Amino acid sequence: HDEVYEEDFENHYFDDEDFTPEQNVFDKNFGGDISKESTKFMAEREDLEKQFNKMYPEADESEIEEHTDKYGRVVNYTVAPDQELEEQFRGHLVVATGPILQDVEIAASITSRMAAEFGKKVFVETRVLNHVREDDHLFEVWLESYEIDLLHSKRKATYSSQEWDGPSVVDDKQMDYLVERVGHLISDDFRYSYRMFDWDFVGQ
């Protein structure tokens, strides 16, 4: 599935020394730097605008924007400080899926359930990857908190990965499991505990 994943762009290893806090979407400074990817994107967008202008010299700004938005959109955000959120925040839950209506609706259900259970402790982000096809079986859920944990993977479940024994569909039972795992992983008990593989080097 090389056509779906561009390894250098898609793979972000959050425990890598090169990974900076600003690369986390919830960081205050996210998007503030001019990265290589954003610079390349803006240059390509400018080329698209020039080509469209050349083909349709009478086109207005809205028509040009509509055309370029088909390939990539520029969104400007206004940061609104939220003291309550800053005090309560414990984790960033990411739901990644393709533009499949049923999966997007499930992602919305996850967002609603997490909001009801955890309020501002958990920020839920849905990433709809427009290049993903239905037969890619992509519906991934992971939590970025004190650790980075993959909680659900339709792709791994579909392809019978030996490293994954979870279900492929987020039904009521799996939704309850997600709530339980998120609750545990953002808790103080987990924060001040350790996992056995953290100590695998002992005795080696």
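Me: Rings of Phe, Tyr and Trp (its six-membered ring) count as a pair if their centres lie within 6.5 Å. How many aromatic pairs does a search of the whole structure find?

Reply: This is a predicted model, in which local features need pLDDT of at least 70, side-chain atom pairs count only at pLDDT 80 or more, and totals for chains, interfaces and linings use all residues. Residues are numbered from 1 along each chain as its sequence is written, and side-chain values use heavy atoms, with hydrogens and water left out. The number of aromatic pairs found in the whole structure is one.

Me: Is the pair of Phe 52 and Tyr 56 stacked, edge-to-face or tilted?

Reply: Planes under 30 degrees apart count as stacked, over 60 as edge-to-face and the rest as tilted. The ring centres of Phe 52 and Tyr 56 are 4.9 Å apart and the planes stand at 45°, so the pair is tilted.

Me: Is Phe 52 buried or exposed?

Reply: Buried means under 20% relative accessible area, exposed over 50%, and partly exposed in between (1.4 Å probe, protein chains only). The relative accessible area of Phe 52 is 12%, so Phe 52 is buried.

Me: Which strands stand at the edges of the open sheet?

Reply: Strands are DSSP runs (E, at least two residues), numbered from the N terminus, and two of them pair if DSSP finds at least two bridges between them. The order in this sheet of four strands is E2-E1-E3-E4, with mixed pairing. Each edge strand has a single partner, so one side is left without a neighbour in the sheet; these strands are E2 (122-128) and E4 (148-153).
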